[in-house]
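The following exercises are to be worked with the sequence and the structure at hand. Each task is followed by a solution in steps.

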Amino acid sequence: MASLDSLPAMKLVRFIFSTLLVTSVNSQTQCRNFKSIISFGDSIADTGNLLGLSDPNDLPASAFPPYGETFFHHPTAEFLGFPLVPPFYGCQNANFKKGVNFAVAGATALEPSFLEERGIHSTITNVSLSVQLRSFTESLPNLCGSPSDCRDMIENALILMGEIGGNDYNFALFQRKPVKEVEELVPFVIATISSAITELVCMGGRTFLVPGNFPIGCSASYLTLYKTSNKEEYDPLTGCLKWLNDFSEYYNKQLQEELNGLRKLYPHVNIIYADYYNALLRNFQEPAKFGFMNRPLPACCGVGGSYNFNFSRRCGSVGVEYCDDPSQYVNYDGIHMTEAAYRWISEGLLKGPYAIPPFKWSCLSSEIMNKMSLDTQILDEQLLQGCLKF
């Protein structure tokens, strides 16, 4: 079995999880020291669940090199003195005292049967958001014991609700479904996310981090699939496909409106929107500013075409090439970003301005703040020197 680091977004999740274990925020801007993390979502938050659910003789590509290379020079959670948040599936005997992760790569918000009825096929996993939530509720006696202890655990946890829903759209768009059909999924996806948040609020949940979708028009997979000679379809500044980014913005706007409604219904609950879209888009708009090469759209790991991506020969397959310096790239495997890009996303969330409402840092000890400042300074210097490797 591959290590947890095999999943491409591991460092984004690890950096956010470990840092938020020691910070706090609520609707009254008072300190809340989170005691644990409870996570739901897809590959952006998966710390090993897909591997735990997979047949050992039929592992996903993320179980093999080049997945597993590191960007940070040490596990950030260990650096800050906290354990990693373990995956639930395949690790039911793990220590979940500091948190538990139910996110599964390839997961959808909607049920696979709902998508199948609309001709949208999901072949990676059938662990939808409702399955993850059911796994959580059914495991509560083992996670926390008595009902009062469980309510206390949920109340004092940071609950990461996603990213989830992106695959509902990915599977449809990869099958070249008309964007109007894909837009019809949006209210269903948002209702599913909202329902999950509501259920967790009723169980005692008080703090939620809810990410939006990425600028998918900048993804090497979509740029390859929908490549066109019509220059009007591309953003002249970034080279991204405008209509796909427009779709992401449409979804994110609808999601934020729903979150605003939930905030009014539950004023005692802090619901933070994570603006993944703009936190990542700036890397494509001003790549040099963030240490990336001037053409940041091609994938680091891939083969063929203008964007180094081929659906038939994906990263992790035999013979697929891997770039010498991934820190110069934004796109990693055509679908996920590099850990260099995830680092900038995580900093944009934790330090601003891409968390709404913003995080409050008054609860961090000076020792941890100094460690974070020094680590960031070292990484910045290495990026400027062009010597940072995965």
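**Exercise 1. A backbone position in a loop**

In which loop is the place of Arg 176?

*Solution.* The model is a predicted one. Step 1: Arg 176 falls in the loop between H7 and helix H8 (179–183). Step 2: its phi is near 60°, a positive value in a residue other than glycine. Step 3: most residues other than glycine have a negative phi, and most peptide bonds are trans. Step 4: Arg 176 has a relative accessible area of 49%; the limit for exposed is over 50%, so Arg 176 is partly exposed.

**Exercise 2. Further backbone exceptions**

Locate another non-glycine residue with positive phi, and two cis peptide bonds.

*Solution.* Step 1: Asn 308, which is not a glycine, has a positive phi of about 55°. Asn 308 belongs to the loop between strand E6 (301–302) and strand E7 (321–322). Step 2: the peptide bond from Gly 162 to Glu 163 is cis, with omega near 20°. Glu 163 is placed in the loop between strand E3 (157–161) and H7. Step 3: Gly 352 and Pro 353 are joined by a cis peptide bond with omega of about 10°. Pro 353 is in the loop between H13 and strand E8 (355–356).

**Exercise 3. Confidence and overall make-up**

State how confident the prediction is, and summarise the make-up of the protein.

*Solution.* Step 1: the mean pLDDT of the protein is 81, and 74% of its residues reach 70 or more. Step 2: over residues 1–11 the pLDDT is below 50, and beyond near neighbours in sequence this stretch has 37 contacts in the model. Step 3: residues 363–369 also stay under 50, and here the model has 12 contacts beyond four places in sequence. Step 4: the secondary structure comprises 14 helices and 8 strands. Step 5: of the 390 residues, 58% count as buried. Step 6: among contacts between residues at least 6 apart in sequence, 74% join residues at least 24 apart.

**Exercise 4. Aromatic pairs**

*Solution.* Step 1: the whole structure contains 17 aromatic pairs. Step 2: the rings of Phe 40 and Phe 136 lie 5.9 Å apart, centre to centre, with 85° between the planes, and the pair is edge-to-face. Step 3: Phe 40 lies in strand E1 (residues 36–40) and Phe 136 in helix H5 (residues 129–144), so this pair ties together parts that are 96 residues apart in sequence. Step 4: Phe 40 is buried at 1% relative accessibility, and Phe 136 is buried at 0%. Step 5: Phe 88 and Phe 102 form a tilted pair, with 4.8 Å centre to centre and 35° between the planes. Step 6: Phe 88 lies in the loop between helix H3 (76–79) and strand E2 (99–101), and Phe 102 in the loop between E2 and helix H4 (112–116), so the pair ties together parts that are 14 residues apart in sequence. Step 7: both Phe 88 and Phe 102 are buried.

**Exercise 5. The nonpolar cores**

Which residues have the most contacts inside the largest nonpolar core?

*Solution.* Step 1: this core has 97 residues, and those with the most contacts inside it are Phe 40, Phe 136 and Ile 197. Step 2: helix H9 (residues 186–202) gives the most to this core, with 8 residues. Step 3: not counting residues up to four places away in sequence, Phe 136 touches several residues, including Ile 38, Phe 40, Phe 102 and Leu 200. Step 4: a second, separate core has 8 residues, among them Cys 300, Val 303, Val 320 and Tyr 329.

**Exercise 6. A buried arginine and a buried helix**

Describe the setting of Arg 343, and decide whether helix H12 (residues 276–285) is enclosed or open.

*Solution.* Step 1: Arg 343 is found in helix H13 (residues 339–350) and counts as buried at 1% relative accessibility. Step 2: the charged end of Arg 343 sits over the ring of Trp 344, 4.2 Å from its centre. Step 3: Arg 343 and Leu 280 are 63 residues apart in sequence and 10.0 Å apart in space, C-alpha to C-alpha. Step 4: Leu 280 is one of the buried residues of H12. Step 5: 8 of the 10 residues of H12 are buried, so this helix is largely enclosed by the rest of the structure.

Technical notes
Residues are numbered from 1 along each chain as its sequence is written. This is a predicted model: local features need pLDDT of at least 70, side-chain atom pairs count only at pLDDT 80 or more; totals for chains, interfaces and linings use all residues. Side-chain values use heavy atoms; hydrogens and water are left out. pLDDT is the predictor's confidence in each residue, from 0 to 100. Contact means heavy atoms within 4.5 Å. Helices (H or I, at least four residues) and strands (E, at least two) are DSSP runs, numbered from the N terminus. Buried means under 20% relative accessible area, exposed over 50%, partly exposed in between (1.4 Å probe, protein chains only). Rings of Phe, Tyr and Trp (its six-membered ring) pair if their centres lie within 6.5 Å; planes under 30 degrees apart count as stacked, over 60 as edge-to-face and the rest as tilted. A charge sits over a ring if NZ of Lys or CZ of Arg is within 6 Å of the ring centre and within 35 degrees of the ring normal. A nonpolar core is a set of buried Ala, Val, Leu, Ile, Met, Phe, Trp, Tyr and Cys residues joined through side-chain atoms within 4.5 Å.
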